[in-house]
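Have the sequence and the 3D view ready as you read.

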Amino acid sequence: MKLRTAPLSFAFVITLITLLMLSACRTTEPPAEERRPGLPTPPADDRELRTEQIPSDVDIDSLLAEMTLEEKVGQIFVVPAYGTFRNDRDPDYLRLKRLIRDYHIGGLIFMSGDIYGQAVLTNRYQEQSSVPLWISQDMEFGAAMRVRGTTRITPAMGIAATGDPHNAWLKGKITAREASALGVHQIFAPVLDVNNNPENPVINVRSFSASPQMVAEFGMQKVEGIESEGVLATAKHFPGHGDTDTDSHLALPVINHDYARLDSLELHPFRVSVSNGLRSVMSAHIAFPAISENIDMPATLDASVLNRVLRDTLGFDGLIVTDGLNMQGITDTFSPGDAVIRALNAGADMMLMSPDEMTAVNEVIRAVESGRISEERIEQSARKILQLKKEHGVFENHMVDLDALANRINTPDYQTIAERIARESVTLLKNENDVLPIREVDNLNILAVALADDRSGSTGSGFARELRNYHSNVNFHVLDQRTSEEEKERIVTAAENADLILIGSFIIVRSHQPMQVQPEQLALLRKLTSMDKPSGVIAFGNPYVVQDLPDADVHMMAWASTAHQISQTVPALFGASKISGKLPINIPGMYKIGDGIEIDQSVVRLDRPEAAGLSTDSLLHIDMIMQKAIDDSVFPGGVVGVMRDGALVWQNGYGYHDYTKTTQTAPNTVFDLASITKAMATTTSIMKLVDDGRISLDDPVYQYIEEFDEGEKRDVTIRHLLLHTSGLAAFRVYVDELQTRDEIVKAVRNEPLENTPGEEYVYSDLGFILLGEIVHEVTGTRLDRFARNHFFYPMGLSSTHFNPKRVGRWVSNRIPPTEIDVSFDRGTVQGDVHDERAFFMDGVAGHAGLFSTAREIASWSYMLLNGGKYGGHQYLSRETIDLFSGPRSPVNHRGYGFDRKSGSASTAGQLTGERTFGHLGFTGTSVWMDPDENIAIILLTNRTFPSREYGSDISRIRARIADAVMNSIEIHYSQTEEE
């Protein structure tokens with residue numbers, strides 16, 4: 001044991017001596033006279049920070065008087081940070097922490113990140129600073145430009161395309177609200193550059209317009225929206241970055257215009273905003289030799305531009321922020337410190353993103369000590385920054401409330417407004433041969449090509465996904481930098497087999513990258529657009545790309561390549577949203593400011609509830625109503641659909657196809673509609689014949705059904721059949737003896753009357769069987785084919801059929817069973833019509849037999865509520881729809897072929913309007929349309945499974961769902977909109 005302890009003791013002594021030596025080295029500093037003058041104190045772990053709270057009413061002059069030169073210099077620097085998780089020992093985190101603690105940096109600019117990552121890091125960085133940090137961020141396209149999960153809003157040029165400056169105000173307000181929630185005090189937006197040069201590689205859609213007046217108007221509104229939330233707006237890039245073909249990130253652009261030209265165009269938006277109280281401006285790294293004494297000097301470093309033009313001529317007395325000092329337009333010529341010193345002498349106050357902050361700080365301190373710049377000049381800018389911190393309450397409250405983020409960011413209201421703006425921004429410049437709106441019946445096969453300037457291979461996948469929401473056969477290819485010759489050949493082959501070619505251009509403005517279509521890509525695209533078939537170009541980015549493809553039949557502007565913008569643009573191609581945008585730029589030789597073709601919405605759009613003025617929170621009550629009904633075995637499953645103002649905002653499946661609970665009910669489940677057939681197929685077809693003058697409501701039935709040419713049956717008219725006042729019985733079993741179509745139809749034709757025509761209401765399947773036969777007699781086409789040819793097929797209702805098993809398994813596999821039939825030995829009825837009479841009539845009858853989905857019933861409902869127009873085609877006249885859907889019966893509330901709401905006990909609920917019309921189905925289906933609220937409420941279930949004794953509570957469920965939907969209607973679509 002002694003032999004082992006001796007070495008340990010020796011090692012302990014050596015270790016102790018070493019630690020003492022290291023400690024001495026760490027705590028011993030050189031004498032003050034040996035330190036290099038003007039440098040910050042070297043960092044030390046035990047160095048004390050100023051931890052006392054600066055009072056919110058601090059006197060800025062007194063605070064400045066207490067500051068060292070190093071602290072004053074630090075205040076003018078804003079350094080980049082990233083808002084994603086950082087470990088405490090992450091090198092980048094430690095470097096930034098050192099800049100804050102030891103170089104007294106005044107502010108941060110967050111470059112990118114996520115909501116909680118940025119918020120948490122903001123608080124951690126704030127804790128390190130003796131003077132609270134000023135937090136800034138570039139949020140031109142909304143907070144989502146830099147922070148994942150926040151609200152993304154259309155670029156400036158798209159905002160101007162809406163034609164409504166209030167949208168710029170809303171964009172500013174929403175962005176500022178989210179910025180404020182994240183602890184951001186200053187937004188580097190709006191861009192007030194006039195984009196009058198199509199070759200501009202860096203501004204493009206970031207500008208509002210090529211019109212200085214439009215830029216001024218929309219820019220001023222955005223500034224006001226931002227500042228209304230207590231956040232500082234910053235207009236950029238003074239004196240104008242719009243008329244250059246050089247990217248200042250890569251080199252120094254030069255604009256040779258004289259002052260008269262600049263004053264009439266580039267300066268106009270800045271002049272307007274300054275006169276309206278603009279408080280912050282960002283400079284441009286561009287040389288303006290015609291107005292400067294310094295021919296090659298960037299405006300950021302040029303007193304001729306910042307002091308003489310901005311401050312003296314325009315009268316601006318606010319904060320001047322440099323554009324990023326790490327851009328090559330600066331770094332190619334000037335050292336980090338020299339750039340800051342020159343910017344200060346030129347009149348700039350806030351130094352943004354120096355490429356080397358420590359070197360720059362040290363050089364500025366030396367410049368003060370050498371007399372190159374005065375300490376008073378440093379104080380002048382530091383005072384502005386500190387005063388802004390005081391005015392914005394930064395001394396009082398500079399920590400982010402993490403608990404509040406969940407209800408302050410990306411709210412349904414913000415999303416709804418952003419999506420509305422995106423839809424309104426869509427601009428159609430060319431639509432030869434009325435290619436738009438696209439109808440599937442005219443274009444069975446679509447080729448979609450995503451043109452990209454990257455190598456990811458996935459660009460534009462969202463474009464294809466959205467197209468498939470509105471069209472069932474879309475062939476998608478990507479044309480990017482990695483596309484092989486073999487793939488190009490496949491694209492050409494696909495184009496030859498397509499009926500329509502859509503090119504989505506995802507060429508966007510990116511620093512350090514070209515924004516033109518590459519020659520090898522252009523050759524292929526021109527080959528596609530020269531084919532003898534319709535083609536279209538949708539510009540999800542650079543709008544000038546249409547110059548390269550002039551032969552396309554459609555030119556559409558969508559302004560951005562984000563999923564948000566794509567999802568709001570694609571519906572416009574199909575008529576699912578109105579197109580109303582107007583071009584805010586000139587496209588030389590093709591289009592001018594103000595051009596734009598308008599097309600009204602004419603098909604149903606998929607959207608969120610708030611887009612139609614409904615509350616998602618309230619609609620969630622439907623989930624519990626349906627779950628309780630399923631738990632109580634009212635039905636095994638079902639789908640609820642809600643369509644309002646042309647938007648299908650609720651389409652949810654609940655439960656299962658049957659009680660084995662192995663197949664879930666999906667939103668696209670196909671249901672046996674039962675008696676909804678009377679309205680959707682038979683009545684709609686009769687309306688068409690009335691519209692066309694082929695029949696009249698007062699036509700006696702015997703004109704078409706000869707068996708009615710006797711006795712009181714001669715008095716029965718089509719009107720009576722539609723109102724269930726013909727005198728016919730409610731139904732007959734028939735099928736216990738008659739099991740062919742001809743036998744059943746013959747029996748119905750020969751049915752005697754039980755009541756005098758027109759005197760009593762008896763809901764009768766028999767009357768609607770006869771109406772189906774009348775359609776056949778008049779047109780020579782059976783009801784199923786007539787409805788399919790004239791309505792369902794041209795409307796794109798691909799899942800709406802009689803006899804869906806004959807269509808294919810892609811439809812029949814989505815159908816839940818409706819009964820286990822023991823009366824007629826049909827077994828499990830699945831994919832065949834539940835009604836026995838319709839079943840033995842070959843599945844086609846005027847009273848039952850139709851199958852469909854909630855989405856397709858919503859489309860049919862929208863056609864009726866939209867005055868008979870759908871997909872750009874007029875199917876029925878508004879007058880005929882009003883005639884049939886109104887109260888027409890002398891003995892009850894019904895319309896022609898439609899049920900109508902009848903008192904507070906109606907299955908349409910208590911809250912729908914008096915004009916509500918629709919129909920019910922025995923299998924547990926219903927559709928109610930309230931024209932006053934422009935809403936359709938759809939419930940599809942298979943409540944008759946496993947037997948029709950189930951589901952007795954279905955009427956109460958229908959009413960509760962209708963009331964839940966109507967309760968969700970909000971008085972105002974959005975609080976933010978109203979503000």
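## A charge over a ring

Arg 826 places its charged end over the ring of Phe 839, at 4.6 Å from the ring's centre. Likewise, Lys 713 lies over the face of Phe 708, 4.3 Å from the ring centre. A charge sits over a ring if NZ of Lys or CZ of Arg is within 6 Å of the ring centre and within 35 degrees of the ring normal.

This is a predicted model, where local features need pLDDT of at least 70 and side-chain atom pairs count only at pLDDT 80 or more, while totals for chains, interfaces and linings use all residues. Residues are numbered from 1 along each chain as its sequence is written, and side-chain values use heavy atoms, leaving out hydrogens and water.

How many aromatic pairs does the structure hold? There are 14 aromatic pairs; rings of Phe, Tyr and Trp (its six-membered ring) pair if their centres lie within 6.5 Å, with planes under 30 degrees apart called stacked, over 60 edge-to-face and the rest tilted. Phe 238 and Phe 270 have ring centres 5.2 Å apart and planes at 90°, so this pair is edge-to-face.

Phe 238 is buried, at 0% relative accessible area, and Phe 270 is buried at 0% relative accessibility. (Buried means under 20% relative accessible area, exposed over 50%, partly exposed in between, with a 1.4 Å probe and protein chains only.)

## A stacked pair and its cluster

Phe 506 and Phe 540 are stacked, with 4.9 Å from centre to centre and 15° between the planes. Both Phe 506 and Phe 540 are buried. Ring pairs also link Phe 463 with Phe 506 and Phe 540 into a cluster.
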